[in-house]
Amino acid sequence: MQMATVRDAHVDPELLPLLEGFPDIPLNAETLPGFRAAMVDMAVLPDPATHPGVTIEEVSVPGPDGALRCLLFRPADGAAKGALLHVHGGGGVMGLPEMDALRNVALVEATGCVILSPDYRLAPEHPHPAALEDCHSAGAWLASQAGQFGFPPERLGVIGESAGGGFAAALALLARDRGSISFACQVLIYPMLASPGAEAAATHADNRIGRHIWNRDADGFAWGCMLGASTGDAVMPPAAAADLAGLPPAFIAVGELDLFVHDDLAYASRLLAAGISTEAHLYPGAFHGFDRMGEAAVSQRFNADLLDFLKRHLG
């Protein structure tokens, strides 16, 4: 990982403050504990007084390896219009659901959906398929609670950012193959879809991508932790899946400077070729995690595109 400077003419100027506050520390086995600790320190739930229309509750749901801790976000004033399983990012090696609490509160306020975010197991302590199976268990539990929460069973989607977007794509594939969860849509925000060496950019040089927030070294480390000695399976990495037919409608969003931009656009093209309704958005001047700079115009365009898609697919 590395910081940007104002000399990077490709970056949207409104996004530069986000880069200037990002630590210039590589991600590896030695630094991973520090990154994890920093995320825990920063992951503080918002004051309930700031979101009276949304309740946040910690719940335990049945997981493949015992109880699975999740955060549940619900409209405070009645039945939910739809539901979302949210999978947090962090390269599959760090992160927790609290770090996306503000976004999930905003999504509940804007859509009326209930959102469940699992605290899935992390690699390298728990390599694939641990995290994916945790997410599948959380999704199955959420689907079973449609009557309890009041949302129509056909209005359940899955959403994730970065590694969470990769897990969301893999979960859509896994649910299809198992016939277990009927997702109305999959929302993949700069998703991590292809392992190193298999990515679309491996066939051509693009020196603009992957310079900020998440680079090739971090990506290689994370995939090595997640897959271990394995090369993957039928659903992970998602970009290697042979058949994309029968998947739910997709929303894919990525910045043009993101390390994953070519993989994400290639996946969108493959979804279209498989007959899947797909909405792809490419944001100029944007790098990985750009949407965290909510004041930037490009982030506001992304949020508007996201909400429009969710309202159309989840009612």
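How many nonpolar, polar and charged residues does the lining of the largest pocket have? We will come to that after a look at the fold. This is a predicted model, in which local features need pLDDT of at least 70 and side-chain atom pairs count only at pLDDT 80 or more, while totals for chains, interfaces and linings use all residues. Residues are numbered from 1 along each chain as its sequence is written, and side-chain values use heavy atoms, leaving out hydrogens and water.

Let's start with the sheet. It is open, with 8 strands in the order 1-2-4-3-5-6-7-8 and mixed pairing; strands are DSSP E runs of at least two residues, helices H or I runs of at least four, numbered from the N terminus, and two strands pair if DSSP finds at least two bridges between them. Strand 1 (54–63) and strand 8 (278–283) are the edges, each pairing on one side only. Strand 2 (residues 66–75) and strand 4 (residues 114–118) run antiparallel, joined by 4 bridges. Within strand 4, Ile115 is the bridge partner of Phe73.

Now for the pocket. The largest one (an open set of 1 Å grid points over the protein atoms alone, where a 1.4 Å probe fits, with protein on both sides within 12 Å along at least five of seven lines; lining residues have an atom within 4 Å of a point) is lined by 42 residues, and Met39, Met42, Met99, Asp100 and Arg292 are the closest to its centre. Helix 3 gives the most to this lining, with 6 residues. As for our opening question, the lining has 25 nonpolar, 11 polar and 6 charged residues, where Ala, Val, Leu, Ile, Met, Phe, Trp, Tyr, Cys and Pro count as nonpolar, Asp, Glu, Lys and Arg as charged, and the others, Gly among them, as polar.
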